[in-house]
Amino acid sequence: MSTPTTIVWLRQDLRLADQPALRRAASRGRVIPVYIYAPEEEGDWPPGGASRWWLHHSLESLDEQLRQLGSRLIRRRGTTQDILNELLEETGATAVYWNRRYEPAAIERDKTVKAALLAMGVQAESFNGSLLYEPWTIRTKQDAPYQVFTPFWKACLATETVHESLPAPRELVSPPKWPKSLPLDELELLPSNSWDAQFYETWQAGAPAAERRLRQFVNETVRRYHEDRDRADFDGSSRLSPHLHFGELSPRQIWAAVEKSSGKVPAGKSKLGQGAEVFLKEVGWREFAYHLLYHFPSTTKEPLREQFRRFPWRRSATELWSWQRGQTGFPIVDAAMRQLWATGYMPNRTRMIVASFLTKDLRLSWQQGARWFWDTLVDADLANNTLGWQWTAGCGADAAPYFRVFNPTMQAEKADPHGDYIRRWVPELATLPTKWLREPWTAPAEELAAAGVKLGETYPQPMVDHHEARDAALAAYERVKNS
DNA sequence: CGTCGGTTCGC
DNA sequence: CGAACCGAC
């Protein structure tokens, strides 16, 4: 009998190590790794511009890694079902394996595909490649999904789970003849303007780069993570999020690397350091985000907390544009929004600052913020993005209470104590002394003149008075609070 | 994963 | 008189 052939349908698992679907396919016989670009099948959330940029480079890297094992990546574009059918026919493959996804549109599509494959007599099997705890495995005592993080995470950690990573296969057996593959450029993932110029200086996609970043993080940054992650002026966070989103790394690999490096810390009570503890809790928030998205799929559109469906959001296309382009007149907000546009990223602390500004100071809807992040973040992830926005807007599960309003000035003092971050991203304020940098409208005329700043000309006047805006937001909240 | 305004504490 | 602490929103 000839060696059986398996198609590995790759999606958000663009790696070779700790890759359950690939692993199982490799042990079965010949392997055909396939990526099908099918944005029409993603419902309301086809990949945004920054995500597509990342995807392009991640696919390029994956092909190189596969070629080192004597294999290659087959790229196609179109309807998943049609393409799988074509490939099954062309190659004589008798099985299709993949790692599961948890977004509502992907779940529906995957179900349909699986049923069709099984009906054709093809072996179709899915695996867990991207979560520590799949959403349906964790339930409250009342057999309901969790809506509060801390008990959720306790319940996760109380389960007897071994987070063991699988090694990458050492070789992959090729089919006698490779099916044709679309050249990468024909997926048309890169922007046609030069929007992405600075992405190249900031990021390197692909599992090998992800593993280097992880190693550097656990060796250096993680120790001070609990403090430094709130800093905008240097890299105190892990920056692993885009690698995790595309599955260039699995959470199991991250978990293992953090535990291993923390094991080197002086014995003591075999406890992890505080930085590692806080970091792994962030991995826990990602698990929680997937739990919520799975059990409450409507939250990508609607707030989880009912009363917020009547919240009187304002509407203003011009104000939204000012926020998007970093022209609010609040330097910390503008710095962060410009960093996002230029690099496809901002650290979590400034995400909270700009989100609070949009939803409280401007009272524009969190959905509009979520949509902008979706298009501009290289790590755009439906579960994390939805949770993050509902969290700051105060309308989600275990959210910050709505009355928690970030003060942009205080936040800037903490996140950017010397003003380096603002000076880098808002260069028109660069020579203004730190004392005035966070609130240029309070600077004496001669200070502004000396720094070459003309408010309303070289840099905008503040869009709102923060204290008035805060009061207005709290008043709006009062109206929906008890309804 | 707040802010604000109040009070108390310590020099 | 400022830092530290506390409760309300």
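How many nonpolar, polar and charged residues does the surface near DNA strand B have? You'll have the answer by the second stop.

**Before you start.** This is a predicted model, where local features need pLDDT of at least 70, side-chain atom pairs count only at pLDDT 80 or more, and totals for chains, interfaces and linings use all residues. Residues are numbered from 1 along each chain as its sequence is written, chains are lettered from A and ligands numbered from 1 in the order in which they are written, and side-chain values use heavy atoms, with hydrogens and water left out.

**Stop 1: DNA strand B.** Select the 15 residues around DNA strand B; Trp285, Arg404, Val405, Asn407 and His467 come nearest. Here, "near" means that one of a residue's heavy atoms lies within 4 Å of the strand.

**Stop 2: colour by class.** The surface near DNA strand B has 7 nonpolar, 3 polar and 5 charged residues. Ala, Val, Leu, Ile, Met, Phe, Trp, Tyr, Cys and Pro count as nonpolar, Asp, Glu, Lys and Arg as charged, and the others, Gly among them, as polar.

**Stop 3: atom pairs.** Click on Trp285: an N or O atom in its side chain is 3.0 Å from a base nitrogen of DNA strand B. Then pick Gln411, with a side-chain N or O atom 3.1 Å from a phosphate oxygen of DNA strand B.

Technical notes. A polar contact is a pair of N or O atoms within 3.5 Å; within protein, one must be able to donate a hydrogen and the other to accept it, and residues adjacent in sequence count only if both atoms are side-chain atoms.
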